[in-house]
Structures are given as structure tokens and as C-alpha cells.
Amino acid sequence: MDKFRMIFQFLQSNQESFMNGICGIMALASAQLYSAFDFNCPCLPRYNLAYGLGILLVPPFILFLLGFVLNNNVSMLAEEWRRPRGQRGKDPAVLRYMFCSMAQRAMIAPVVWVSVTLLDGKCITCAFCTSVPVETLGNTSHPGLSQGDMKRVLARIPCKEIYDGQELIANEVAVRYLRCISQALGWCFVLLMTTLAFLVRSLRPCFTQAAFLKSRYWSHYIDIERKLFDETCAEHARSFAKVCIQQFFEGMSTDLAAARCHPPRKAPADAGEAAEKLLGITDQGTMNTALKSWHRCKPPLHLHPPAHHSGNGWAGEQQPPAHPSVPRKETAAYYSRV
């Protein structure tokens, strides 16, 4: 159990590297999934286009959503977007930075799928086989066919075993023509995605360096604050449960001692330490109030000296403010006398 806990802590501390690894695995998985996919074109005029474009576009959309699902920061982004403003404002630039960072990682697997699909050429061949220029590539001396018969014959180009239009246009010629176009589109798509990635990763910080650093800093702050809050809540819950269980057994010991006329046992030495970690929150209602206060009114991002601290506002705590003309040391002395 300790080994799994160490692995989990390591993944949490190296979350960015972990997410990059997950995106790489998803990209390889998408390529492997396409190679294992049994592509069967229906070879019907009304269904070829829908089937080919569906295989080209639907799996990338699913992989894109899956990339967001596997990203732990999605819930943090939604929480930051939907939370009340309270004493802390919300910066749209930070939210955009967080969303763009997640979208960049989530797009890796879809881009790999589209690139592999276009370079393979089966989807384009199935989708646009009825648009082959017969006048240019086919047999012009072949007796004319109606428009419906022409589409029916051309729709069977991807299905070599049932294709019966060799007199009209050779199957190999049509397949090579469509595959050439598909591969050209694939390499153009790869070039376009590579150029966009270069511009986003390299040139964006150069033009907006100050805004970029600000957005990155506060996005890291939100992530770290959430982790520390979860750790503090887990530690408080552990201390709460420990004190509650110890009080239960102390009560049982007192009852048994009264019934049997035996002196009750002393409380363990670490009971006081666990009680100190509760920070004065020792009942369910107060804890629920504190959690609601954290959600509705997070503390402002302005750290005050200890003399000016006035609590979170949810418990009605108030302290007299320091006068602007009173020095800091005299103000601290004033509070110590109070």
C-alpha cells in the first residue's frame, strides 16, 4: 500500500510530465487503434460519404473529449469558472490559459488519428469515389450510362471484389488517384498542425511575455492552492476521526470502569496533538460552514501582517483596524495589550 501511495504522490508532484505521457500514450493508442480497425466501406452511393467522413471525424472528436476527461485540471477549471466572485475576482486570461493548455494536450491524439487516416487513404477513397473524373481517367469510348448507374458503379471502387466497372474506369487507376489526393491532404494537415504548434509554443510568449507569465503563475497558484486545501482537509478529517474514535473508547472505558469499579485508563498522549490539529473546528456544523465559506467567499489574494488579520468573515470575528499613522511595531504592541 505504501508503494502505491508513493507512486500516487510522485504522479501528483509531476503532474505536467504525467499528462504529457498520457497524451503520448493516447496518440500511440489512436494510431494502433486505426491499424487494428476493420475498415469496411459500404460501397453504396448514399452511404459512402457518410461512412468515410464519419470514420475520419467522429473518432478524433471522441479522443478529444477523452483527453479532457483524463485531465485532472478539468474539474479545477470548472470550479474556478463557476465559483462566486466573493472577495477574490476571476481573471478571464487565467481561465483561457488553463483551457488552452488542456486543449493543446487533448488535441494530440485527434491530430494523430486524422493524419494517419489521411495518409492511409481509405476514408477519402470511400467517401469521394463517386466524384472520380471519368472523363479524364476513364474510357471515353464506353457507351454512356445514366447518372444513377454511373454513381452505382463508381461507388463500388473501394470494394475490389465486387467492382464491375473495369470498362468504364480501371479500379487501380481510381484508387491511386483518390489515395494520392488523400496523402497530399494528409501531409498538408501535418504541416499545418506542426506550424500552428510552433507558433503557439514559441512565438506566443515572445509577444505577450508579461501576460503569459501572469497567467501561468496564477494557474499554477490555483492548482497548488487546491492541492493544499485537499491535503489540509484530509489531515483535518484524519484528526477529527482520531479524536472522535478516542472519545468513543474513553466513554466506553469510563462506563466499564463504573460498572466494574475499576479506574478508567488514561487517554493516550497523542490525543492532545490530534485535537490541536482540528484548529477549533470540532463539530459537523462548523466544518460544513467552513467548507461553504471556502466555496462562496475565498480569501482575497492579499496577504496582511498578523496584526491586521481579521479572519475569513464567516464566523463573525472582528478586530480593530490599525490606524494609518500608528507604526507597525506600536500597532502590534497595541494588539498584544488588547
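Which residues form a disulfide with their sulfur atoms 2.1 Å apart? They are Cys 41 and Cys 126. A disulfide here is a pair of cysteine sulfur atoms within 2.5 Å. The link has 75° about its S-S bond and is right-handed. Cys 41 sits in the loop between helix 2 (15-36) and helix 3 (48-69), while Cys 126 sits in helix 7 (residues 122-127), so the bond ties together parts that are 85 residues apart in sequence. Helices, by the way, are DSSP runs of H or I with at least four residues, strands are runs of E with at least two, and both are numbered from the N terminus.

A word on the model comes next. It is predicted, so local features need pLDDT of at least 70, side-chain atom pairs count only at pLDDT 80 or more, and totals for chains, interfaces and linings use all residues. Residues are numbered from 1 along each chain as its sequence is written, and side-chain values use heavy atoms, with hydrogens and water left out.

Now look at how far these cysteines are covered. Buried means under 20% relative accessible area, exposed means over 50%, and partly exposed lies in between (1.4 Å probe, protein chains only). Cys 41 has 13% relative accessibility, so it counts as buried. Cys 126 is at 0% and is buried too.

How many disulfides does the rule give? The count is two. The other pair is Cys 43 and Cys 159, with sulfur atoms 1.6 Å apart. This link is also right-handed, with 85° about the S-S bond. It joins distant parts of the chain. Cys 43 is in the loop between helix 2 and helix 3, and Cys 159 is in the loop between helix 9 (147-154) and helix 10 (171-207), 116 residues apart. Cys 43 is buried at 4%. Cys 159 is buried at 9%. Number the bonded cysteines in sequence order, and the pairing reads 1-3, 2-4.

Two further cysteines can be checked for cover. Cys 188 is exposed, with a relative accessible area of 51%. Cys 233 is partly exposed, at 23%.

Charged side chains make links as well. A salt bridge is a side-chain nitrogen of Lys or Arg within 4 Å of a carboxyl oxygen of Asp or Glu. A search of the whole structure finds seven. One of them joins Arg 83 to Glu 80, with the closest N and O atoms 3.0 Å apart. Both residues are buried.

Another joins Arg 88 to Glu 225, at 2.9 Å between the closest N and O atoms. Arg 88 lies in the loop between helix 4 (73-82) and helix 5 (92-106), and Glu 225 lies in helix 11 (residues 209-260), so this pair ties together parts 137 residues apart in sequence. Arg 88 and Glu 225 are buried.

Asp 91 and Lys 214 meet in a salt bridge too, at 3.6 Å from N to O. Asp 91 is in the loop between helix 4 and helix 5, and Lys 214 is in helix 11, 123 residues apart. Is Asp 91 buried or partly exposed? Asp 91 is partly exposed, at 30%. Lys 214 is partly exposed at 40%.

Last, turn to the record. An unreviewed UniProt entry marks residues 21-37, 49-72 and 181-200 as "transmembrane region". UniProt positions follow the numbering used here, feature names are shortened, and annotations may be inferred rather than shown by experiment. In the model, residues 49-72 are 88% helix and 0% strand, with end C-alpha atoms 37 Å apart. Residues 181-200 are 100% helix and 0% strand, and their end C-alpha atoms lie 28 Å apart.
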